[in-house]
Amino acid sequence: MPLHPTVLWAQRNDVIYLTVEISDIKDHKIDLTEDKFTFKGTGEKEQNQYEAEIEFYGKVDVEKSKQHLTARNLTMAIYKKEDGYWPKLQKGGKLNFLKVDFQKWRDEDEEEEEGQQPNDPMGGLDFQSLMAQAGAAGGGLPNMDNLPEGEDSDEEEEEEGEQKKL
């Protein structure tokens with residue numbers, strides 16, 4: 001019986017990103033239709049059999065979609081037929097092997113903000129006000145030279161370790 005690989009997903013207005021998290025993928029078969037993604041293959045150190053099937057929430061454009069296979073994973077950029085954010089990736093119930101890829105994830109409102117200020121690499125973040133809130137703008141970090149010297153904390157850790165053994 002094949003195992004399910006971990007599949008990470010993220011979306012933009014016009015594209016879905018899927019990452020099949022299996023290393024050393026061999027003998028793989030990818031079937032992408034406008035309704036469904038199917039993956040079968042062997043991978044990992046033990047060369048186990050893996051299989052995943054996802055029925056998409058909406059229609060995708062198979063011709064525009066791309067895939068990239070590396071030694072670490074399979075990454076796909078699957079373009080939507082109609083622009084817009086989907087409330088979820090798949091039809092039906094939750095799939096236990098499907099997880100959100102937070103490194104690639106953008107909320108709908110975040111993408112709109114990026115579109116308004118494309119030349120701002122900080123995404124509208126005012127670094128100076130952030131530093132002022134942290135207390136670094138008006139005089140720097142506090143002086144720690146005048147702090148009273150206490151006993152060595154190693155003794156406390158040793159006492160705690162002895163109490164745990166009892």
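What follows is a short chat about the predicted model shown above.

Colleague: Hi! Before we start, what are the ground rules for this predicted model?

Modeller: Residues are numbered from 1 along each chain as its sequence is written, and side-chain values use heavy atoms, with hydrogens and water left out. As the model is predicted, local features need pLDDT of at least 70 and side-chain atom pairs count only at pLDDT 80 or more, while totals for chains, interfaces and linings use all residues.

Colleague: Great. How many helices and strands does the chain have?

Modeller: The chain has three helices and eight strands. Both are DSSP runs numbered from the N terminus: helices are H or I with at least four residues, strands are E with at least two. Along the sequence the pattern reads β-β-β-β-β-β-β-β-α-α-α.

Colleague: And in what order do the five strands of the open sheet come?

Modeller: The order is β6-β7-β2-β1-β8, with mixed pairing; two strands pair if DSSP finds at least two bridges between them. The edge strands, β6 (60-69) and β8 (98-100), each pair on one side only. From one strand to the next, the twist averages 25°. For that angle, axes are lines fitted to C-alpha atoms, for helices over the stretch in contact, and angles run from 0 to 180 degrees between N-to-C directions.

Colleague: How many bridges join β6 to β7?

Modeller: Six bridges, and the two strands run antiparallel, with β7 covering residues 74-80. H68 stands opposite T75 in β7.

Colleague: Which strands form the three-stranded open sheet?

Modeller: That one has the order β3-β4-β5 and antiparallel pairing. Its edge strands are β3 (26-32) and β5, each of them pairing on one side only. The twist there averages 5° from one strand to the next.

Colleague: What joins β4 to β5?

Modeller: Eight bridges do, between β4 (residues 36-43) and β5 (residues 48-55), which run antiparallel. In that pairing, K40 stands opposite E51, and T38 stands opposite E53. The two strands form a hairpin with four residues between them, and E44 in the turn has a positive phi of about 70°.

Colleague: Where does D24 lie, and where does D27 lie?

Modeller: D24 is in the loop between β2 and β3, while D27 lies in strand β3. D24 is partly exposed, with a relative accessible area of 37%; D27 is exposed, at 69%. Buried means under 20% relative accessible area, exposed over 50%, and partly exposed in between, using a 1.4 Å probe and protein chains only.

Colleague: Switching topic: is T19 buried or exposed?

Modeller: T19, in strand β2 (residues 15-21), counts as buried because its relative accessible area is 4%. Its side chain makes a polar contact of 3.5 Å with that of K104. A polar contact is a pair of N or O atoms within 3.5 Å; within protein, one must be able to donate a hydrogen and the other to accept it, and residues adjacent in sequence count only if both atoms are side-chain atoms.

Colleague: What does T19 touch?

Modeller: Leaving out residues up to four places away in sequence, T19 touches T6, V7, L8, N73, L74, T75, D101 and K104. Contact here means heavy atoms within 4.5 Å.

Colleague: Last one: which residues touch the most other members of the largest nonpolar core?

Modeller: L18, F37, F56 and L89, out of 22 residues in that core. Such a core is a set of buried Ala, Val, Leu, Ile, Met, Phe, Trp, Tyr and Cys residues joined through side-chain atoms within 4.5 Å. β1 (6-11), β2, β4, β5 and β7 each supply at least two residues of it.
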